[in-house]
Amino acid sequence: MAKNNPFTFLQQTRQEVAKVTWPTRRETAVTTVMVFIMVAIASIFFLVADQLMAEGVKLLLGLGF
């Protein structure tokens, strides 16, 4: 593998960064909101699943009242 000097490396890095399509502020905000919504939905799902499994184990082991 050929070694590049630091100047060449920085030039190539700048060229690659210039090719990146950066999201707009609105796209970033929408994506952030969607992540929070999905986290809320997932946490509710796992809360309900955990409660159902806990009740099932209690009934299976005869610990339910």
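I started just past helix H2, where Gly62 takes a positive phi of about 75°. Helices here are DSSP runs of H or I with at least four residues, strands are E runs of at least two, and both are numbered from the N terminus.

Housekeeping next. This is a predicted model, so I kept local features to pLDDT of at least 70 and side-chain atom pairs to pLDDT 80 or more, while totals for chains, interfaces and linings use all residues. Numbering runs from 1 along each chain as its sequence is written, and side-chain values use heavy atoms, with hydrogens and water left out.

**Overall form**

I counted 2 helices and 0 strands in the protein chain. The C-alpha trace spans about 75 × 35 × 10 Å along its principal axes. Radius of gyration came out at 26 Å, whereas a compact globule of 65 residues would be near 11 Å. That radius is taken over C-alpha atoms, and the globule rule is 2.2 Å times the number of residues to the power 0.38.

Buried residues make up 2% of the 65. My cut-offs with a 1.4 Å probe, protein chains only: buried is under 20% relative accessible area, exposed is over 50%, and partly exposed is in between. The chain exposes about 6500 Å², with carbon and sulfur atoms supplying 72% of it. Those areas come from Shrake-Rupley with a 1.4 Å probe, and for residues only the protein chains shown count as cover.

**Helix H2**

I checked the length of H2, residues 25–61: its 37 residues should span 54 Å, and the end C-alpha atoms are 54 Å apart, which agrees. The expected span is 1.5 Å times one less than the number of residues.

**Nonpolar patch**

Val30, Val33, Met34, Ile37, Met38 and Ile41 make a nonpolar surface patch of about 540 Å². Patch residues have over 30% relative accessible area and no salt bridge; nonpolar side chains (Val, Leu, Ile, Met, Phe, Trp, Tyr) are joined within 5 Å, like charges within 9 Å. A salt bridge puts a Lys or Arg side-chain nitrogen within 4 Å of an Asp or Glu carboxyl oxygen. An α-helix has 3.6 residues a turn, so residues three or four places apart point the same way.

**Aromatics**

Searching the whole structure gave me 1 aromatic pair. Phe45 and Phe46 form this edge-to-face pair, 5.1 Å centre to centre with 70° between the planes. Rings of Phe, Tyr and Trp (its six-membered ring) pair with centres within 6.5 Å; planes under 30 degrees apart are stacked, over 60 edge-to-face, the rest tilted. Both Phe45 and Phe46 are exposed.
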